[in-house]
Amino acid sequence: MESDEYTWTWTSDLPLECVDHSVRIRHVYNQSVLSPWSNWITNYRVQPKDKTKAFPVQRVLREGNRAMFCCVPSTGVNITSITLNDYKYPPISIGARAKAISVDSVSIPTAAIKVLSLRCRDSAGKESYAWNYVSFPPQKPRNLSCLMSDMTTVTCTWDSSRKRTPHDRNKQTHTLHIENLQRDPINCEQSSCTFPVVPHLEEYNISVVVKDQLGEETESYSFNISDRVFPVVEWDRVSRGVTDATLSWIVQGNLTQLNLLCQVTTDPDSTTELSCNSVSGLCKVKLEHLLPNTCYSTRVRCSVNGRLWGALSQPISFITYPLVTLDIWRRIKQPPDPSHRQVTLLWTTHIPGSAATVNIQSYTVQCSHEGQNWTERKDSGQTQAEVSIGPGQYDFTVQAVLRTGSTIPAHITIPQRDDGENLPVEKRLNSSTTAGFNLSWEEQDTATCGYTVEWCLLGNVEHCTLQWMKAPKGNNTLFLPARNFKAGCRYIFNIYGCTESGHSILQIQTGYLQELYSVQSPSLVKLVQSTSSSVTLEWHYNEDDLAHSAFITGYLVTVQEVGSDSVPGHTAMADPRRKSVTIEGLQQSQEYTVSVSALTRGGPGQPASITIRTRTNYSAHLAKILTPILLLLGCTILLWPQRKVLKSGLMGIFVYPAGMSIKAPELDSFLQETVERLQSQKVEECVSCDIEILNTRPPLNETAPLRDPQHPNALPPPTSMSLSCVPLQADYCAQAVTAGWNRPDLLQKSCITNKTYFYPMEENVLEAQAIFSEINEPSESL
């Protein structure tokens, strides 16, 4: 029987330095025959001479396992306390004076230094220390993968499920073994390993072994090298254009002979795939349909047979060249001389994209007429050119010159002069929104190249910045946003149709973005004709003035009597071209204030006022004077047959007893006062004229004279009349006052009523004086 050497490792829970450990061994044959025991072999504990010692020392302990720590005192002393990381544990006696503590599960300390500090204190007051470490066993490698980028080196990578701290003392080793090749293990990094390609070897079986003080873990992996090619690319150059760019790159490792497929990604989002079989290892691609003057960022990656894509390269940026286009228009002035015209060419520059500012060096203006050409160069800061031409048709071309070359030319045709052309009628726009102008027109079949709308920013055609906008063929609407217009400013839009022979005007539209309604007042308001009841006024106003902040829809005329608080009268005129008005129904010889203001959709503007006075109507005064005179004359004619009866009755009224007299000065004063009062009254028309006659004679059977009972011989009192009680309009009844009449039924009354306003005439006064003079004389009938 040959003897073999065996090794058996046993780990004690209690450190070997703490107590003596003895061991013996025997073997078992066929699980039934036992050999005798060997002799005991003892491992003796440590016996300190002058200082207490702690165990274990500088050990790596497995996280989560049970651990025991001991303190061995020197001769003559005992252990009084054991502390682990500042925590005092109850000691356990083991052997002669040695003591230990037991920790059920050790854990990695959270402090910066990942150590367990063991402290032993003895009866002599001395302390001893020991430091140990806690770690975890190796982790099995995950996501093991191998790649090749240059057909010479294979790189394998893996992940660890748990990362170690930098102060971990449990050092690990990583080795890679090629199982199907008799070679020494390859030392690796913590998460990667590189080894050279084995010539003519396609299939690889590898294993990665991770080992440390607490254990060992292994992971295996198999692959075909042709499937694990991972191309690495490097940019070569970029050739840019206006709408395209050519990119080139180099594939490392000479992989272009392996049916290489590359993918180019462009930002904004666009992906292009192409095959690259270049012998030199240089791949190219042309990117098309790019935007001019735009910045792009692109990256590339490649794959062998499309199985495994390499990593995307670093991004590379480039800017396409700008595409400069010109929008051209013209302004034509036709002086009286039919052989000349003044043309102003206007153009604007359009640069799509916003990547960079384009440096325009100059502009080239070219004119063609009847086979003759001429060219003029303008500076980059100029955007117009003045040209004097004849009455024929001219073709103009404007082109921008860049550092990279010339741009696409812009073309416009000036038609032949047409002096008989009639401008269309101006059409007003109904602006109901402040968002902008919505223009529309009738589509013309002759407009083969679209339409152009022009306008001036300030409404002044002679001195303004001309603006224009073009619409394509088939589109007869155009919206102009409000950001380019001002409120209260009138804009005139000329709409042209484009043909091969030039542009011809189709419509003229005018309007406001927003009417402001505060317009100026009319000027030169003057009185044309005046009567006693009406006046005629006229004024001047330019309703078509472009400076107005709103359309003029008419005029408002207001009439107010001077000094009156009554509501003024209004007259609205809906025709803005009518500038005169006749106001009727006024009073004679009266002052009035007349105001005239222009009307807009929002109301009247600033007024202009004038004060006038109506004439006096003398015919009306004459009629009022003659009316009472004619009435009195008619009454006199009617009463003339009864003149004797009236005379006797009046004499009976105005007679007075003998001995009574009226002084002439008193009567003259009374008549003068009466005349003054009558002259101050207003003449009115006659209302009525009633005549009543009172007979005062007694009956025939009563012939006895009337006497006062107390004074039988006395005469009756004279008749009296108050001259101061004559009203302007009253019923006047003249009656004889006789005393002693006790029978009222015997009285007969004659009364004259005249309700008439009249002016006292001088002849009437004379007649009254004559009557009263006659009354002063004694009457025989009394």
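This is a predicted model: local features need pLDDT of at least 70, side-chain atom pairs count only at pLDDT 80 or more; totals for chains, interfaces and linings use all residues.
Colleague: Why is Ser135 called buried?

Modeller: Its relative accessibility is 1%. Buried means under 20%. Ser135 therefore counts as buried.

Colleague: Where does Ser135 lie?

Modeller: In strand β13, which covers residues 127-135.

Colleague: What makes the pair Ser135 and Asn170 a polar contact?

Modeller: The two side chains meet at 3.4 Å. The cut-off for a pair of N or O atoms is 3.5 Å.

Colleague: Which residues is Ser135 in contact with, leaving aside neighbours within four places in sequence?

Modeller: Among them are Val60, Leu61 and Arg62. Asn170 is on that list too, as are Ile108 and Leu214.

Colleague: Which sheet holds β13?

Modeller: An open sheet of five strands, in the order β6-β13-β12-β8-β9. Its pairing is mixed.

Colleague: What makes β6 and β9 edge strands?

Modeller: Each pairs on one side only. Strand β6 spans 60-62, and β9 spans 87-89. Neighbouring strands of this sheet are turned by 35° against each other on average, direction ignored.

Colleague: How do you know that β8 and β12 pair?

Modeller: Five bridges join them. Pairing takes at least two bridges. So strands β8 (residues 79-84) and β12 (residues 115-122) count as paired. They run antiparallel. Ile79 stands opposite Asp122 in β12.

Colleague: What is the strand order in the sheet with β43?

Modeller: The order is β43-β44-β47, in an open sheet of three strands with antiparallel pairing. The edge strands are β43 (523-530) and β47 (580-583), each pairing on one side only. The twist averages 20° from one strand to the next.

Colleague: How do you know that β44 pairs with β47?

Modeller: Four bridges join β44, residues 535-540, to β47. At least two are needed. The two strands therefore pair. Within this antiparallel pair, Glu538 stands opposite Ser580.

Colleague: Why is Leu247 called buried?

Modeller: Leu247 has a relative accessible area of 0%. The limit is under 20%, so Leu247 is buried. Leu247 lies in strand β22, residues 245-251.

Colleague: How many residues separate Leu247 and Thr298 along the chain?

Modeller: They are 51 residues apart, with their C-alpha atoms separated by 9.3 Å. Leu247 and Thr298 are also in contact. Other contacts of Leu247 include Trp235, Val264, Cys283 and Phe318.

Definitions and conventions. Residues are numbered from 1 along each chain as its sequence is written. Side-chain values use heavy atoms; hydrogens and water are left out. Axes are lines fitted to C-alpha atoms, for helices over the stretch in contact, and angles run from 0 to 180 degrees between N-to-C directions. Buried means under 20% relative accessible area, exposed over 50%, partly exposed in between (1.4 Å probe, protein chains only). A polar contact is a pair of N or O atoms within 3.5 Å; within protein, one must be able to donate a hydrogen and the other to accept it, and residues adjacent in sequence count only if both atoms are side-chain atoms. Contact means heavy atoms within 4.5 Å.
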